[in-house]
Amino acid sequence: MDLFEKIAGKTSPLGQFAKDAHHYYTFPKLEGELAPHMMFRGKEVLNWSLNNYLGLGNHPEVRKADADAAAAWGCAYPMGARMMSGNTDYHEELERQLAEFEQKEDAILLNFGYQGILSAIDALVDRRDVIVYDAESHACIIDGVRLHQGKRFVYAHNDIENLERQLVRAKKMADQQDGAILVITEGVFGMSGNQGNLREIVELKSKFDFRLMVDDAHGFGTLGPNGEGAGVEQGIQDDIDIYFSTFAKSMASIGAFIAGDEVIINYLRYSMRSQIFAKSLPMPFVIGALKRLDMLKSQPQHKENLWKITNALQGALKKEGFDIGTTTSCVTPVILKGNIAEATHLTYDLRENFNIFCSIVVYPVVPKDVIMLRLIPTAVHKLEDVDRTIKAFQVVKKKLANGDYKAEKLAAFS
Ligand SMILES: Cc1ncc(COP(=O)(O)O)c(C=O)c1O
């Protein structure tokens with residue numbers, strides 16, 4: 001059989017809706033300046049779907065730093081992987097500052113968070129070691145775990161009793177084969193908004209003797225006094241052995257980093273295939289990240305605004321009887337009951353008739369009868385945006401309960 005013929009007949013869970021959904025529910029184009037109000041298919045929408053938590057994406061100081069760096073260096077410099085010919089003082093300075101910010105000895109820059117953490121997991125463990133990870137971990141963790149040639153155990157999301165049971169099994173196995181244990185979780189889970197139960201996890205360290213890796217993509221910039229993340233927020237930063245975050249969210253850029261003990265970061269520098277065999281981050285991203293990090297430290301207003309909007313949004317949703325799950329972060333899920341067709345019709349109504357754009361999450365990410373609208377507040381939203389959204393949500397919730405979204409057909413929307 002021809003490979004392409006086989007692929008042509010195949011659809012991924014999301015791809016099966018592509019014909020009707022492309023450019024609307026999937027691959028939509030939000031145009032104009034990055035902001036709470038952007039253009040979608042020719043009209044202005046109030047946008048809750050960007051992980052631009054601190055509003056830095058379009059901040060004039062950030063735009064200027066990025067533009068100046070691009071003018072001075074271009075996007076090519078430095079050429080080559082860090083290890084070969086792609087290293088600079090700026091890369092090392094950014095690593096130094098990130099390590100200091102995260103209260104760690106050292107840090108290593110990654111080109112992308114996804115391939116970076118995947119590659120770090122690959123480098124850290126060998127076939128004798130055992131990985132224990134949270135069931136709701138991001139795809140990049142799952143893919144890193146997939147590369148592992150040894151044993152892995154998954155524990156029910158944030159369930160410490162279950163984690164302990166898995167650790168009993170993991171320890172037995174690790175002891176038998178002279179291996180070690182790596183536990184992986186997230187600082188903030190990007191769908192539910194739950195913070196990882198880091199405090200309880202680290203309490204198990206003395207009993208089970210493991211190292212802890214935390215993906216804090218959504219905690220960095222949003223939690224901790226200056227945005228240091230979930231570890232500092234929960235007072236256990238010292239017990240996170242491998243702290244990871246991306247620049248793709250609060251930093252509104254591209255790139256990522258891992259912070260930890262010098263000996264481990266040095267080991268990763270010389271072992272991570274995603275960094276050794278790939279071109280290093282171009283200068284505008286490095287200089288741009290230095291600027292953003294400086295703003296995190298010196299401009300508390302961005303995080304304050306973010307939490308003002310988050311508290312207003314989550315407070316109003318709760319007051320109006322919406323189920324926002326168990327979030328303990330800025331990520332704001334709104335959980336409704338309905339099938340995929342109702343989810344698409346409701347979203348269409350929100351976009352077309354209320355000019356509100358937010359992401360919808362449906363099966364298989366959530367159970368079949370659940371519709372999750374996912375709102376990401378940012379520092380640049382206004383309280384009026386919150387009021388408008390609550391009013392619209394009240395209307396669509398009522399329509400959903402009335403069955404108004406059942407009869408319509410997806411085809412009518414294309
Ligand atoms: C929890 C989490 N980890 C890692 C990543 C990947 O980071 P990047 O976009 O830098 O590849 C993401 C998404 O951006 C994420 O949400």
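Predicted model: local features only at pLDDT ≥ 70, side-chain atom pairs only at ≥ 80, totals over all residues.
Seven strands make up an open sheet. Their order is β4-β10-β9-β8-β7-β5-β6, and the pairing is mixed. The edges are taken by β4 (106–110) and β6 (151–155). Each of these two has a single partner strand, so one side of each is left without a neighbour in the sheet. From one strand to the next, the twist averages 20 degrees. Within this sheet, β8 (residues 210–215) and β9 (residues 242–246) run parallel and are joined by three bridges. M213 has I242 of β9 as its bridge partner.

A second open sheet has four strands. The order here is β1-β2-β3-β12, again with mixed pairing. Its edge strands, β1 (30–31) and β12 (356–357), each pair on one side only. Strands β2 (residues 37–40) and β3 (residues 43–47) run antiparallel, with four bridges between them. In this pair, F40 stands opposite K43 of β3.

Helix-to-helix packing is considered next. Two packed helices are described by the angle between their axes and the distance between the axes. For helix α14 (residues 301–319) and helix α16 (residues 383–402), the axes come within 10 Å. They cross at roughly 20 degrees. Angles under 35 degrees count as roughly parallel, and α14 and α16 are therefore roughly parallel to each other. The crossing of α14 past α16 is right-handed. On the α14 side, the contact is made by I309, A312, L313, A316 and L317. On the α16 side, L383, V386 and I390 take part. By class, this contact of α14 with α16 holds eight nonpolar residues, with no polar and no charged ones.

The ligand has a shell of residues drawn from several parts of the chain. F112, G113, Y114, H138 and C140 are among the residues that surround the ligand. E186, G190, D215 and A217 also belong to this shell, as do T246, A248 and A256. By class, the shell divides into six nonpolar, four polar and two charged residues. Some shell positions fall within strands described above.

Local backbone geometry includes two cis peptide bonds. The bond from Y77 to P78 is cis, with omega near -5 degrees. P78 sits in the loop between α3 (60–73) and α4. The bond from Y363 to P364 is also cis, with omega near 10 degrees. P364 lies in the loop between β13 (359–361) and β14 (370–375). Q103 has a phi near 60 degrees, a positive value in a residue other than glycine. Q103 is found in the loop between α4 and β4.

Notes:
Residues numbered from 1 in each chain as written. Pairing = 2+ DSSP bridges. Axes fitted to C-alpha atoms, helices over the stretch in contact; angles between N-to-C directions. Parallel < 35°, antiparallel > 145°, perpendicular 65-115°, else oblique. Left-handed = near helix turned anticlockwise from the far one by under 90°. Contact = placed C-beta atoms within 7 Å. Nonpolar A, V, L, I, M, F, W, Y, C, P; charged D, E, K, R; others polar. Near = placed C-beta within 6 Å.
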